[in-house]
Amino acid sequence: AISPREIFFEALRFRAAAFVVVHNHPSGSTRPSRTDIEFASMLQIMGSIMNIPLLDCLIIGNNEYLSFSEQGLLKSASEA
């Protein structure tokens, strides 16, 4: 597990203009958990405040991936 603080520390250290979060599910399923969705939402809100937008959150599974952006799981920029 990683904290939002660690993610934004790295984003600031590298002077990121935006960021993408990628993680795997050892089960192989790409179905996002409630925790995944809540964490992505928190990162999106914090990124909006810091002017470092979250572009996507990807879950890697068995030979497939799920993109929160493609699935409509991220709020629009005006909602974040």
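Analyst: A polar atom of the side chain of Gln44 lies 2.7 Å from the backbone oxygen of Lys75. Before going further, please note that this is a predicted model, in which local features need pLDDT of at least 70 and side-chain atom pairs count only at pLDDT 80 or more, while totals for chains, interfaces and linings use all residues. Residues are numbered from 1 along each chain as its sequence is written, and side-chain values use heavy atoms, with hydrogens and water left out.

Gln44 is part of helix H2, where helices (H or I, at least four residues) and strands (E, at least two) are DSSP runs, numbered from the N terminus. With a relative accessibility of 8%, Gln44 counts as buried; buried means under 20% relative accessible area, exposed means over 50%, and partly exposed is in between, for a 1.4 Å probe and protein chains only.

Leu43 is also found in helix H2, and its relative accessibility of 0% makes it count as buried. Leaving aside residues up to four places away in sequence, Leu43 touches Pro4, Ile7, Phe8, Phe19, Val21 and Leu54, a contact being heavy atoms within 4.5 Å.

Two packed helices are described by the angle between their axes and by the distance between the axes. Here helix H1 (residues 4–13) packs against helix H2 (residues 34–50) at an angle of about 40°, and their axes are 11 Å apart. That angle makes H1 oblique to H2, since angles under 35 degrees count as roughly parallel, over 145 as roughly antiparallel, 65 to 115 as roughly perpendicular and the rest as oblique. The axes are lines fitted to C-alpha atoms, for helices over the stretch in contact, and the angles run from 0 to 180 degrees between N-to-C directions.

On the H1 side, Pro4, Ile7, Phe8 and Leu12 meet Phe39, Met42, Leu43, Met46, Gly47 and Met50 of H2. Sorted by class, this contact of H1 with H2 has nine nonpolar residues, one polar residue and no charged residues; Ala, Val, Leu, Ile, Met, Phe, Trp, Tyr, Cys and Pro count as nonpolar, Asp, Glu, Lys and Arg as charged, and the others, Gly among them, as polar.

Ser69 is found in the segment after strand E3 and is partly exposed, with a relative accessible area of 43%. Between Ser69 and Ser41 there are 12 Å from C-alpha to C-alpha, with a separation of 28 residues in sequence. Not counting residues up to four places away in sequence, Ser69 touches Leu55, Asp56 and Leu74.

Ser67 touches Asp56, Cys57 and Leu58 when residues up to four places away in sequence are not counted.

Methods
Polar contact = N/O pair within 3.5 Å; in protein donor to acceptor, adjacent residues only side chain to side chain.
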